[in-house]
Amino acid sequence: MSESTSERHRSGWDVALGVVLLVVGLIVLANAVVATVASIYFVGWAAVIGGVVLLVQAVVGRKSGGFWSLALGGTVLLVLGVFVLRNPAAGLVSLTLVAGALFLVTGVTRIAVSGQVPEMRWLLVTSGVISVVLGLVVLVNLMTASLVVFGILLGVQIVIEGATLLFAGRRPASRPEATPQAHRAPA
């Protein structure tokens, strides 16, 4: 019986990595403040590096077009990264404000759209209400939430990745199908 490439497999490595990710995710959740501080520095450095890369791309490829958009994007990213690295508390509050607003808007959108999808109405309303509540909790408690939101989100994401690997595994790499070669008659 041949397996479809869309089926998932669990190998020993998937189980081991899944367990490691679950443990790391729980450690991150237990130290949400430390993970939040580490994540804000990661975001700052990623923005600085991304900005420098875009500026270099703009200068190197200036004759091929797109110079101004690359230069502007690189400058904005570089300034944002430097701002976050010099003022991590302000950067953290700003990013938490954006996260809370995204939760809120996503929730309201799901609730508004739920009437258009009758078969998924309760799922959309439920997830929408949860998102709205999360958004309001973050926005009402902005200073407190700033200390833990990103650490909690990071920890939850790592736990979800670990659980997915542990219970579902990964898709195997797709293999190219053997193509039949045309038989030629000898000349």
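Is V76 buried, exposed or partly exposed? V76 is partly exposed, with a relative accessible area of 49%; here buried means under 20% relative accessible area, exposed over 50%, and partly exposed in between (1.4 Å probe, protein chains only). The structure is a predicted model, in which local features need pLDDT of at least 70, side-chain atom pairs count only at pLDDT 80 or more, and totals for chains, interfaces and linings use all residues. Residues are numbered from 1 along each chain as its sequence is written, and side-chain values use heavy atoms, with hydrogens and water left out.

**The chain as a whole**

- The protein chain has 6 helices and 0 strands, where helices (H or I, at least four residues) and strands (E, at least two) are DSSP runs numbered from the N terminus.
- Read from the N terminus, the order of elements is α-α-α-α-α-α.
- Of the 187 residues in the protein chain, 22% are buried.
- The protein chain exposes about 13,000 Å², and carbon and sulfur atoms supply 72% of that area; accessible areas come from the Shrake-Rupley method with a 1.4 Å probe, and for residues only the protein chains shown count as cover.
- Contact means heavy atoms within 4.5 Å. Among contacts between residues at least 6 apart in sequence, 77% join residues at least 24 apart.

**Confidence**

- The mean pLDDT of the protein chain is 86, and 86% of its residues reach 70 or more; pLDDT is the predictor's confidence in each residue, from 0 to 100.
- Over residues 1-6 the pLDDT is below 50, and this stretch has 4 contacts in the model beyond near neighbours in sequence.

**Helix α2**

- Helix α2 covers residues 32-60.
- The 29 residues of α2 should span 42 Å at 1.5 Å a residue, and its end C-alpha atoms are 41 Å apart, which agrees; the expected span of a helix is 1.5 Å times one less than its number of residues.
- Buried residues of α2 are A32, A35, T36, S39, I40, G44, A47, V48, G51 and A58.
- These buried residues pack against α1 (12-30), α3, α4 and α6.
- An α-helix has 3.6 residues a turn, so residues three or four places apart point the same way.

**The nonpolar patch**

- V33, V37, Y41, W45, I49, V53 and L147 make a nonpolar surface patch of about 650 Å².
- Patches are made of residues with over 30% relative accessible area and no salt bridge, with like charges joined within 9 Å and nonpolar side chains (Val, Leu, Ile, Met, Phe, Trp, Tyr) within 5 Å. A salt bridge is a side-chain nitrogen of Lys or Arg within 4 Å of a carboxyl oxygen of Asp or Glu.
- Helix α2 gives the most to the patch, with 6 residues.
- L147, also in the patch, lies in helix α6 (residues 142-167).
- L147 is partly exposed, at 45% relative accessible area.

- V76 is placed in helix α3. The C-alpha atoms of V76 and V48 are 9.5 Å apart, although 28 residues separate the two along the chain.
- G73 and L55 are 18 residues apart along the chain, and their C-alpha atoms are separated by 8.0 Å.
- V79, another residue of α3, counts as exposed at 53% relative accessibility.
- L85 is found in α3, and the C-alpha atoms of L85 and V43, 42 residues apart along the chain, are separated by 8.7 Å.
- L85 touches Y41, G44, W45 and V48, not counting residues up to four places away in sequence. Of these contacts, Y41 and W45 belong to the nonpolar patch.

**Helix α4**

- Helix α4 has 26 residues and reaches 37 Å from its first C-alpha to its last, close to the 38 Å expected at 1.5 Å a residue.
- The buried residues of α4 are G91, L92, T96, A99, G100 and G107.
- Their cover includes α2, α3 (67-86), α5 (121-140) and α6.
- T96 lies in α4 (residues 88-113) and counts as buried, at 0% relative accessibility.
- T96 touches V138, L142, A145, S146, V149 and F150, not counting residues up to four places away in sequence.
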